[in-house]
Amino acid sequence: MRTLRLGEAQLRDRAVELAGLLADTVNAGASLGFLAPLDPEEAVTWWAGRAAAVAAGHLAVWVALDAGGRVVGTVGLDFPFPGKPNSRHRAELVKLMVHRDARGRGVARGLLAAAEEAAAAAGITLLHLDTETDSPAERLYRSAGWTRAGVIPDYAADPSGVLRPTTLYYKRVGAPAR
């Protein structure tokens, strides 16, 4: 498995592959902000729409590639906008997903580590995320040293449209904030 950080052009070039991954993950029941069944064109449009944020440095996206070069996972870091000086130290981990046929092979853990290392290298000292309460992702985050901050009831609809609670997590990375 190889992990690669995508630039704007690479994200646009891989938008169809990323859309397939997003559709697979949503259609398998993961709560990522979309309802199932996810329309492939909607997924491509969503990914293509992320390219400007990557170009501006507000979003970093990594992909996990299998031996054949196929995208089997992705994760992003959403950085605060420069106009928010009180939040320069933090970033949000977003859209961690692994294709169903690549699960159980350490793909998610590798993507998580890549994002955490890059965040620390960029001077980020605090990461945060939200995930559906009682989802398999919670086990990953806890085992990777993330701290549970709390639960918000009825925060987001799952892919079938049912409102579910969301658990918030955080992790300190890099040098301590001053």
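Two strands pair if DSSP finds at least two bridges between them. Helices (H or I, at least four residues) and strands (E, at least two) are DSSP runs, numbered from the N terminus. You are looking at a predicted model, where local features need pLDDT of at least 70 and side-chain atom pairs count only at pLDDT 80 or more, while totals for chains, interfaces and linings use all residues. Residues are numbered from 1 along each chain as its sequence is written, and side-chain values use heavy atoms, with hydrogens and water left out.

**Stop 1: the strands.** Select strand E7, residues 163-172. Seven bridges tie E7 to E5, and the two run antiparallel.

**Stop 2: the hairpin.** Five residues lie between the strands in the hairpin of E6 and E7, where Gly-161 takes a positive phi near 95 degrees.

**Stop 3: the core.** Next, show Trp-62, Leu-77, Leu-93, Leu-127, Tyr-141 and Trp-146, which have the most contacts inside the largest nonpolar core, a set of 29 residues. Such a core consists of buried Ala, Val, Leu, Ile, Met, Phe, Trp, Tyr and Cys residues joined through side-chain atoms within 4.5 Å; buried means under 20% relative accessible area (1.4 Å probe, protein chains only).

**Stop 4: Trp-146.** Which residues touch Trp-146, leaving aside neighbours within four places in sequence? Its contacts (heavy atoms within 4.5 Å) include Leu-93, Leu-112, Tyr-141 and Tyr-170.

Terms used:
Buried means under 20% relative accessible area, exposed over 50%, partly exposed in between (1.4 Å probe, protein chains only).
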